[in-house]
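Subject: Structure handover

Hello,

Here is the structure you asked about. My notes follow below it.

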Amino acid sequence: MATGKMYISMILIALIIGLAIFMYEVNQSNNYKQYVNYQIERHGGLTAAAIEDINHYSESNFNGNFIIDSSQATAKEPYGTVIDYTAYANFKILFLEFDNVQVPIRGSAISLVR
């Protein structure tokens, strides 16, 4: 009976650790979204230079887990234009053999370049 309790306890601890790591990774999407908003504001839209900076940031800080997508063209927008985008985050749940979880992150930023 004691061996069974230890086995179940170890499995529960592993699941809790895996879930905690997954939630930490999901929380990192806030930092990524803030960076994307800043780049859109700074470049005046989701331009090619902004996308390059965003992809480089994702590769260097998040191992390329984030991918940016936008339905709007990659042109410079006038001051005050709202740019909508969707970023996709790919996460793997530790200790479990599930496929990667893809979480959509929707956001919008305002072009601040005159």
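What does the secondary structure of the protein chain come to? Two helices and three strands, where helices (H or I, at least four residues) and strands (E, at least two) are DSSP runs, numbered from the N terminus. From the N terminus on, the order is α-α-β-β-β.

Some ground rules. This is a predicted model, in which local features need pLDDT of at least 70 and side-chain atom pairs count only at pLDDT 80 or more, while totals for chains, interfaces and linings use all residues. Residues are numbered from 1 along each chain as its sequence is written, and side-chain values use heavy atoms, with hydrogens and water left out.

Overall shape

The C-alpha atoms fill a box of roughly 70 × 20 × 20 Å along the principal axes. The radius of gyration of the protein chain is 19 Å, whereas a compact globule of 114 residues would have one near 13 Å. That radius is taken over C-alpha atoms, and the globule rule is 2.2 Å times the number of residues to the power 0.38. Buried residues make up 30% of the 114. Buried means under 20% relative accessible area, exposed over 50%, and partly exposed in between (1.4 Å probe, protein chains only). Take the contacts (heavy atoms within 4.5 Å) between residues at least 6 apart in sequence: 58% join residues at least 24 apart.

The helix pair

The axes of H1 (residues 2-43) and H2 (residues 48-62) come within 9 Å and cross at roughly 155°. That makes H1 roughly antiparallel to H2; the cut-off for that label is over 145 degrees. Axes are lines fitted to C-alpha atoms, for helices over the stretch in contact, and angles run from 0 to 180 degrees between N-to-C directions. The H1 side of the contact includes Gln-28, Tyr-32, Tyr-35 and His-43. From H2 come, among them, Ala-49, Asp-53, Ile-54 and Phe-62. The residues of this contact divide into eight nonpolar, five polar and one charged. Here Ala, Val, Leu, Ile, Met, Phe, Trp, Tyr, Cys and Pro count as nonpolar, Asp, Glu, Lys and Arg as charged, and the others, Gly among them, as polar.

Single residues

- Leu-15 lies in H1. It is partly exposed, at 39% relative accessible area. Its C-alpha atom is 32 Å from that of Ile-54, 39 residues apart along the chain.
- Asn-63 sits in the loop between H2 and strand S1 (66-69). Its phi is near 55°, a positive value in a residue other than glycine. Most residues other than glycine have a negative phi. Asn-63 is exposed, at 67% relative accessibility.
- Ser-108 belongs to strand S3 (residues 101-110). At 40% relative accessibility, Ser-108 is partly exposed. Leaving aside neighbours within four places in sequence, Ser-108 contacts Asn-37, Val-82, Ile-83, Asp-84 and Tyr-85. Gly-44 is 64 residues from Ser-108 in sequence and 13 Å away in space, C-alpha to C-alpha.

Best wishes

Conventions. Angles under 35 degrees count as roughly parallel, over 145 as roughly antiparallel, 65 to 115 as roughly perpendicular and the rest as oblique.
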